[in-house]
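User: I'd like to learn how to read a fold from its coordinates. Could you walk me through this one?

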Amino acid sequence: FSGPGMTDHANGTASFDPSAAGVGGPYDIIYSYTNADGCSNSYTEQTLVYDLPLVTFGTLNSEYCVDHEVVLLTGNHAPEGSFSGIGIFDNGNGTAVFDPSAAGIGGPYNITYTYSDGNSCVNTALQQTIVYPLPTVNFSGLNTEYCLDDVPTTLVGNHSPSGVFTGLGITDHGNGTATFNPSLAGAGVNIAITYSYANANFCMNS
């Protein structure tokens, strides 16, 4: 055998490697044979090698918090092509949504978009993402009820010196602590006092 991309095995067989031949053609692939009488003949077939399609899709962030809203992804060959991966819901039209909460905490997760062109050449684009948990957030020091003239109470967040307190009667100290003053809050029921904290991955909980 002879021709671009051919590896002859010297036993009447050969391998054709499209990547070695390269994009182009038509290429002549020739099988030649000489019999015991020294008479030779050959047979030729032609083949084409097509390039792979360029495949991309909209940017996926490299990391998400588990409570992030779903993300719409669009392939560059929409409405054709399909998406796959953990947390992926393919829409069947070259788009998909990635839901961090459905993917769950962990990763890196491989998100792929696959497309086959008119020549049945398939290519895939891949991006990776990680899903982080929300921090556990709580605080101490608040009673379930007060009289209006009770002395102010110091509240301490579990991530002090980080985090911020908000709510009626609250004076935040900027260090993960705050003072609750019943007289400033005023008389009432179900007064909400909130302590919010964002971790190093910018995932927030309260």
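**Reading the fold**

Analyst: Let's begin with contacts, meaning heavy atoms within 4.5 Å. In this chain, residues 24 or more positions apart account for 48% of the contacts with a separation of 6 or more. Before we go on, this is a predicted model, where local features need pLDDT of at least 70, side-chain atom pairs count only at pLDDT 80 or more, and totals for chains, interfaces and linings use all residues. Residues are numbered from 1 along each chain as its sequence is written, and side-chain values use heavy atoms, with hydrogens and water left out.

User: What is the radius of gyration of the chain, and what would a compact globule have?

Analyst: The radius of gyration is taken over C-alpha atoms, and the globule rule is 2.2 Å times the number of residues to the power 0.38. For 206 residues a compact globule would come out near 17 Å, but this chain has 33 Å. Along the principal axes, the C-alpha atoms fill a box of roughly 120 × 30 × 20 Å.

User: How many of the residues count as buried?

Analyst: Buried means under 20% relative accessible area, exposed over 50%, and partly exposed in between, with a 1.4 Å probe and protein chains only. Here 30% of the 206 residues are buried. Accessible areas come from the Shrake-Rupley method with a 1.4 Å probe, and for residues only the protein chains shown count as cover. The chain's accessible surface is about 12,100 Å², and carbon and sulfur atoms own 52% of that.

User: Which secondary structure elements does the chain have?

Analyst: Helices (H or I, at least four residues) and strands (E, at least two) are DSSP runs, numbered from the N terminus. This chain has three helices and 18 strands.

User: How do I read strand pairing, say around strand 16?

Analyst: Two strands pair if DSSP finds at least two bridges between them. Strand 13 (residues 153-157) runs antiparallel to strand 16, with four bridges joining them, and Val 156 sits opposite Thr 177. Strand 15 (residues 170-172) is also antiparallel to strand 16, through three bridges, with Ile 170 partnering Phe 180. Strands 15 and 16 make a hairpin with four residues between them, and Gly 174 in that turn has a positive phi of about 75°.

User: Which way do the side chains of strand 16 point?

Analyst: Thr 177 and Thr 179 point one way, while Ala 178 and Phe 180 point the other, and all are buried.

User: What is the strand order in the open sheet of four strands?

Analyst: The order is 5-11-10-7, with mixed pairing. Strand 5 (63-65) and strand 7 (82-84) are the edges, each pairing on one side only. Strand 5 pairs in the parallel sense with strand 11 (residues 122-132) over three bridges, and Tyr 64 has Val 131 as its bridge partner.

User: Why is one side of strand 6 and of strand 8 left without a neighbour in the sheet?

Analyst: That's the open sheet of three strands, ordered 6-9-8 with antiparallel pairing. Strand 6 (71-74) and strand 8 (88-90) stand at its edges with a single partner strand each, so one side of each has no neighbour in the sheet. The twist there averages 25° from one strand to the next. Strand 8 and strand 9 (residues 95-98) are antiparallel and joined by three bridges, and Ile 88 stands opposite Phe 98.

Note on methods
Axes are lines fitted to C-alpha atoms, for helices over the stretch in contact, and angles run from 0 to 180 degrees between N-to-C directions.
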